[in-house]
Amino acid sequence: MLNLKEVLTDLVSANSGAPSSSDCTRPSRGPHAEYIPNVIMHTHRNQRAWFYDDLIAGKSVVIHCMAAHDAASCTGLETLAQVQARIGEQLGTSIFIYSITTDPIRDTPEVLRQVAEKYGARDGWFFLTGDEQALSLVRERMFIHS
């Protein structure tokens, strides 16, 4: 018979490798891992995830930069809501949508949760924020080309 206290202790121990807010990056693995930043992101559900390891590696993703207060971003979000409907049941299983804020000071997980609700984001569409430096690195590596 399982002892609940032992099971909970095992779960806590197993999750001790989860990212902490004091971590910035960790070594990456997989295709393009040397280029795509592996920084901590925070979801609109206030969960932490490694950008490369947890959100990108082995997944098909649509990435969109936005700010909750920006009208142009809202147009993009309306379009993504339509894309979400077309993806159907593949959303959250084989295809993921990530809307990454460009304004992490104002776009807290709570604000992003409200935006997610406004646009009817289903499981598989995540609104992401993080440390300003980490988000800048993601944008630089993923979107800015010289």
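This is a predicted model: local features need pLDDT of at least 70, side-chain atom pairs count only at pLDDT 80 or more; totals for chains, interfaces and linings use all residues.
Q: Is Glu78 buried, exposed or partly exposed?
A: The idea is to look at relative accessibility: under 20% is buried and over 50% is exposed. Glu78 comes out at 44%, so it counts as partly exposed.

Q: How long is α3, end to end?
A: You compare its span with what 1.5 Å a residue would give. The 17 residues of α3 reach 25 Å from first C-alpha to last, close to the expected 24 Å.

Q: Which residues of α3 are buried, and where do they point?
A: Ser73, Leu77, Leu80, Gln84 and Ile87 are the buried ones. Looking down the axis of α3, they fall within an arc of 70°, so they line one face of the helix. The other side has exposed residues: Ala71, Ala72, Gln82, Ala85 and Arg86.

Q: What do the buried residues of α3 pack against?
A: They pack against β3, β4, β5 and helix α4.

Q: What about α4: which of its residues are buried?
A: In α4 (residues 109-118), look for Pro109, Leu112, Val115 and Ala116. They sit on the same side of α4, because their arc around the axis is only 115°. Glu117 and Lys118 are exposed, on the face turned away from that buried side. The cover over the buried residues includes α3, along with β1, β3 and β5.

Q: How far is Lys118 from Glu78, in sequence and in space?
A: They are 40 residues apart in sequence, and their C-alpha atoms are 9.8 Å apart in space.

Terms used:
Residues are numbered from 1 along each chain as its sequence is written. Side-chain values use heavy atoms; hydrogens and water are left out. Buried means under 20% relative accessible area, exposed over 50%, partly exposed in between (1.4 Å probe, protein chains only). Helices (H or I, at least four residues) and strands (E, at least two) are DSSP runs, numbered from the N terminus. The arc is that of the directions from the helix axis to the C-beta atoms. Contact means heavy atoms within 4.5 Å. The expected span of a helix is 1.5 Å times one less than its number of residues.
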